[in-house]
Amino acid sequence: MAGSLAHSDRSAAVRRLLDTLAETLRAAAARDASDAAALEDFARRVQAIGTAAPATPAPPERLAVCRVWDDALRAAPGALAGPVAALGPWLSWTQNPNYRRRPPDPTFLDNYGYAVIAGPADGPPALVSAPDVALGVLLLGPGAYYPLHAHPAVEVYVTLTPDGEWWRGDGPWRREPPGAAIYHAPGVPHAMRAGSAPLLALYVWRGDLATYARITSPSSPTRRSSPGRAGARPGGRRARGTRGPAHRRGRRPGRP
Ligand SMILES: [Fe+2]
């Protein structure tokens, strides 16, 4: 009985998150003519996700970055914060194996993680099954820098926290308000950095879910430069030998 109640609670919490995210994406599409069609498409796909649990639900897993989960939620003022917070007890946190093998900087793995809310059955543990969409939450610790990376999947991020900064293509750094949708076409390099508070964002992938993101330029000593300042390009000083093939097949569906 307790188990079925817990499952029912979890399904309801996922439904609330999906509905709120779809609504946020539609609102963003109405504001952004250039990416409106892509954002509308993501909104439809998110709305269509069911809340059936996977056959073998995974137990929650925690990472070092989870120490800032409560701080991130306190810094998140928008409509998505409550639905995301409600899922906290069930989230299973993980990391991109490309970064685990070769962290972009020595502190990265203590300040980075993601948890899948909806995704394919053969991917990292998800709360609900979704065969053609991967949706989850990304958390970066204060001051963390996630360097330029790319993947063949189409992606949208929706920010929850206010002081993170985002880079796409040729830049510049942009500070996006909570509820902003950030669209990444396949293969477009992008980066983000947290401010003095954690960075919390939802992501949605469609398309090639089987290829993990790869770093295209490693961390740079200029990364804490103020937005728009000359020389503040992410990865402005690339270490030798750290640029691999643009995309390499992972063994399981990939994520940010
Ligand atoms: Fe990405």
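Here's a quick walk through this protein chain, with a stop at one strand and its two partners.

First, what we're looking at: it's a predicted model, where local features need pLDDT of at least 70, side-chain atom pairs count only at pLDDT 80 or more, and totals for chains, interfaces and linings use all residues. Residues are numbered from 1 along each chain as its sequence is written.

So, confidence. pLDDT is the predictor's confidence in each residue, from 0 to 100. The chain's mean is 86, and 82% of its residues reach 70 or more. Over residues 223-231, though, pLDDT is below 50, and that stretch has 16 contacts in the model beyond near neighbours in sequence. By contact I mean two C-beta atoms, placed from the backbone, within 7 Å. Residues 235-251 also stay under 50.

Now the overall picture. We've got 5 helices and 12 strands; those are DSSP runs, numbered from the N terminus, with helices being H or I of at least four residues and strands E of at least two. Of the 256 residues, 45% are buried, that is, with 20 or more other C-beta atoms within 10 Å of their own.

Okay, strand β7, residues 165-168. Trp166 stands opposite Arg174 in β8. The two strands form a hairpin with 5 residues between them, and Gly169 in the turn has a positive phi of about 60°.

β7 has another antiparallel partner: 4 bridges join it to β10, residues 190-193. There, Arg168 stands opposite His190.

Notes:
Pairing = 2+ DSSP bridges. Buried ≥ 20, exposed ≤ 12 C-beta atoms within 10 Å, placed from the backbone.
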